[in-house]
Amino acid sequence: MNARWQVDEPAVDGARRVRLVLIRHGESTWNAEGRIQGQLGPGLSGRGRDQAATVARWLRDHHPRVGAVAVSDLPRVTETAAAYLDLAPSAVVTDPRLREIDNGEWSGRTTAEVAAAYPEQIAAIRRGEDLPRGGGETFAQLTARVDAALRELAGRLAAEPVALVFTHGGPIRVAVAAAMGLPAGGHALLEPPGNCSVTELSVLVGPDGATLARRLAGYNHDPLGQALAAAGPAAADDDVAAARRTA
């Protein structure tokens with residue numbers, strides 16, 4: 001038992017600590033093709049299905065008592081979650097707020113195509129401006145909806161203080177940035193999570209269900225037993241972070 005004195009946390013009677021386990025989906029067909037996905041795109045590739053099966057076993061073994069399972073409604077995530085649910089049937093909350101950032105008309109194109117067709121927008125992103133990607137969403141908008149979804153989920157946890165959250169790379173990065181108190185755009189300081197990586201947030205919840213404090217417990221853990229970075233930017237990015245690196 002960790003008996004450390006958390007003097008930097010709010011002292012609230014009846015507060016409880018819960019854990020949110022964020023799982024990025026397995027490799028999708030568009031990941032394999034190096035295409036920007038956003039809120040479009042097909043389901044998992046064959047490799048992605050193998051990844052989903054592996055992380056499902058890891059989750060079952062490492063988190064045998066789960067109080068909630070929340071899932072983005074996009075195919076590449078629902079297919080990843082299905083592998084776990086086949087092993088450990090659970091009640092599921094499907095939440096569209098856990099979707100990837102909306103990349104608008106950029107979705108379906110490669111990052112090189114977007115960089116060539118929209119040089120001014122990519123230049124602005126490189127300067128740190130938070131533009132609506134392809135006419136879709138900004139990262140501020142993504143952060144707001146993901147933060148609201150995770151706060152509500154944490155507030156519902158009680159007797160079984162672990163929730164599994166199957167989602168995307170963008171939502172994981174903004175959730176971690178928010179938990180760490182990083183300024184706007186702070187998600188860009190974080191390496192994009194790999195396919196089927198696991199990130200954990202420890203959340204202090206008040207008796208009224210409100211989030212009081214958050215800590216990063218682990219980021220981009222690789223339960224697949226491989227180097228996440230070896231997959232390259234096509235498999236590592238769900239948004240247009242790769243376009244920032246494209247000449």
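Helix 3 covers residues 75–87, 13 residues in total, and spans 19 Å between its first and last C-alpha, close to the 18 Å expected at 1.5 Å a residue. The model described here is predicted. Buried residues in helix 3 are Arg76, Val77, Thr80, Ala81, Ala83, Tyr84 and Leu85. Their cover includes helix 2 (46–62) together with strand 1 (16–24), strand 2 (68–71), strand 3 (92–94) and strand 4 (162–167).

The sheet is open and mixed in its pairing, with six strands in the order 3-2-4-1-5-6. Strand 3 and strand 6 (211–221) are the edge strands; each has a single partner, so one side of each has no neighbour in the sheet. On average, neighbouring strands of this sheet are turned by 20 degrees against each other, direction ignored.

Strand 5 has two antiparallel pairings, listed below with their bridge counts.

| Strand pair | Sense | Bridges |
|---|---|---|
| Strand 1 and strand 5 | antiparallel | eight bridges |
| Strand 5 and strand 6 | antiparallel | seven bridges |

On the strand 6 side, the bridge partner of leucine 204 is alanine 213. Strand 5 and strand 6 form a hairpin with five residues between them. In its turn, glycine 209 has a positive phi of about 90 degrees.

Strand 5 (residues 198–205) is mostly covered, with eight of its eight residues buried. In a regular strand the side chains alternate between the two faces of the sheet. In strand 5, one side carries Val198, Glu200, Ser202 and Leu204, while the other carries Thr199, Leu201, Val203 and Val205; all are buried, and both faces are covered.

Two packed helices are described by the angle between their axes and the distance between the axes. For helix 6 (residues 139–156) and helix 7, the angle is about 75 degrees and the axes are 9 Å apart. Helix 6 is therefore roughly perpendicular to helix 7. The contact brings Phe139, Leu142, Thr143, Val146, Asp147 and Leu150 of helix 6 against Gly170, Pro171, Arg173, Val174, Ala175 and Ala178 of helix 7. By class, the residues of this contact are eight nonpolar, two polar and two charged.

Technical notes:
Residues numbered from 1 in each chain as written. Predicted model: local features only at pLDDT ≥ 70, side-chain atom pairs only at ≥ 80, totals over all residues. Heavy atoms only, no water. Helix = DSSP H or I, 4+ residues; strand = E, 2+ residues; numbered from the N terminus. Expected span 1.5 Å × (residues − 1). Buried < 20%, exposed > 50% of the residue type's maximum accessible area, 1.4 Å probe, protein only. Contact = heavy atoms within 4.5 Å. Pairing = 2+ DSSP bridges. Axes fitted to C-alpha atoms, helices over the stretch in contact; angles between N-to-C directions. Parallel < 35°, antiparallel > 145°, perpendicular 65-115°, else oblique. Nonpolar A, V, L, I, M, F, W, Y, C, P; charged D, E, K, R; others polar.
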